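Please examine the sequence and the three-dimensional structure shown below before reading further. The paragraphs that follow lead from the whole chain to single residues.

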Amino acid sequence: ANPVILEPYGNLKVYIPDEFMGDIIGDLNKRRGRVMGMSPAENNMQVVEAEVPMSEMHSYAIDLRSMTRGWGSFDMDFARYEETPPVVQAAIIEEAKALMEEEEDE
């Protein structure tokens, strides 16, 4: 058997003013997101659609408000599970081993 660790991914729609497009796309890339498309909306707004690991989205509401000076908003829905990248899997395994060792020492 070759076990893998899966993580939940979500479909993200970010509503932002045109001027913040570069900052938002850069931030989504840092969060291991995949930008699926962009489309114009009314009142000089843009809609960015992406698939993002849900584990990377805990502070997104605060970060989005900060990047867009309060103008940005988003919707996110669960999409599916995907295999976690090997680097992230290794970090998760090391953390679990450390926790097990702490419990054995107690």
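Helices and strands are here runs assigned by DSSP, with at least four residues of type H or I for a helix and at least two of type E for a strand, and they are numbered from the N terminus. The structure is a predicted model, in which local features need a pLDDT of at least 70 and side-chain atom pairs count only at pLDDT 80 or more, while totals for chains, interfaces and linings use all residues. Residues are numbered from 1 along each chain as its sequence is written, and side-chain values use heavy atoms, with hydrogens and water left out.

The protein chain contains three helices and four strands. Read from the N terminus, these elements follow the order β-α-β-β-α-β-α. The C-alpha atoms fill a box of roughly 60 × 30 × 20 Å along the principal axes. The radius of gyration, taken over C-alpha atoms, can be set against a globule rule of 2.2 Å times the number of residues to the power 0.38. For a compact globule of 106 residues the value would be near 13 Å, but the protein chain has 17 Å.

The next topic is the surface. A residue is called buried under 20% relative accessible area, exposed over 50%, and partly exposed in between, with a 1.4 Å probe and only protein chains considered. As for charge, Lys and Arg count as positive and Asp and Glu as negative, whereas His and the chain ends are not counted. Each charge is placed at NZ of Lys, CZ of Arg, CG of Asp or CD of Glu. The protein chain has 9 positive and 22 negative side chains, and the centres of the two sets lie 8 Å apart.

Which residues have the most contacts inside the largest nonpolar core? A nonpolar core is a set of buried Ala, Val, Leu, Ile, Met, Phe, Trp, Tyr and Cys residues joined through side-chain atoms within 4.5 Å. The largest such core has 14 residues, and those with the most contacts inside it are Leu12, Val14, Ile16, Ile24, Leu28 and Tyr60. Two or more residues of this core come from each of strand 1 (6-17), helix 1 (21-30), strand 3 (45-53) and helix 2 (60-67). Helix 1 gives the largest share, four residues. In soluble globular proteins, nonpolar side chains tend to be buried together.

Contacts, defined as heavy atoms within 4.5 Å, show how parts of the chain meet. Among contacts between residues at least 6 apart in sequence, 73% join residues at least 24 apart. Beyond four places in sequence, Ile16 touches Met21, Ile24, Asn44, Met45, Gln46, Val48, Leu64, Thr68 and Gly72. Thr68 lies in the loop between helix 2 and strand 4 (73-83) and is buried, with a relative accessible area of 0%. The C-alpha atoms of Thr68 and Phe20 are 6.3 Å apart, although 48 residues separate them along the chain.

Two strand residues give a further view. Ala50, in strand 3, is buried at 3% relative accessible area. Its contacts beyond four places in sequence include Leu12, Leu28 and Val35, and its C-alpha atom is 8.0 Å from that of Leu28. Phe74, in strand 4, is partly exposed at 29% relative accessibility. Phe74 and Tyr15 are 59 residues apart in sequence and 5.8 Å apart in space, C-alpha to C-alpha.

Most residues other than glycine have a negative phi. Arg32, in the loop between helix 1 and strand 2 (34-41), has a positive phi of about 65 degrees. Asn44, in the loop between strand 2 and strand 3, has a positive phi near 60 degrees. Are these two residues buried, partly exposed or exposed? Arg32 counts as partly exposed because its relative accessibility is 22%, and Asn44 counts as exposed because its relative accessible area is 60%.
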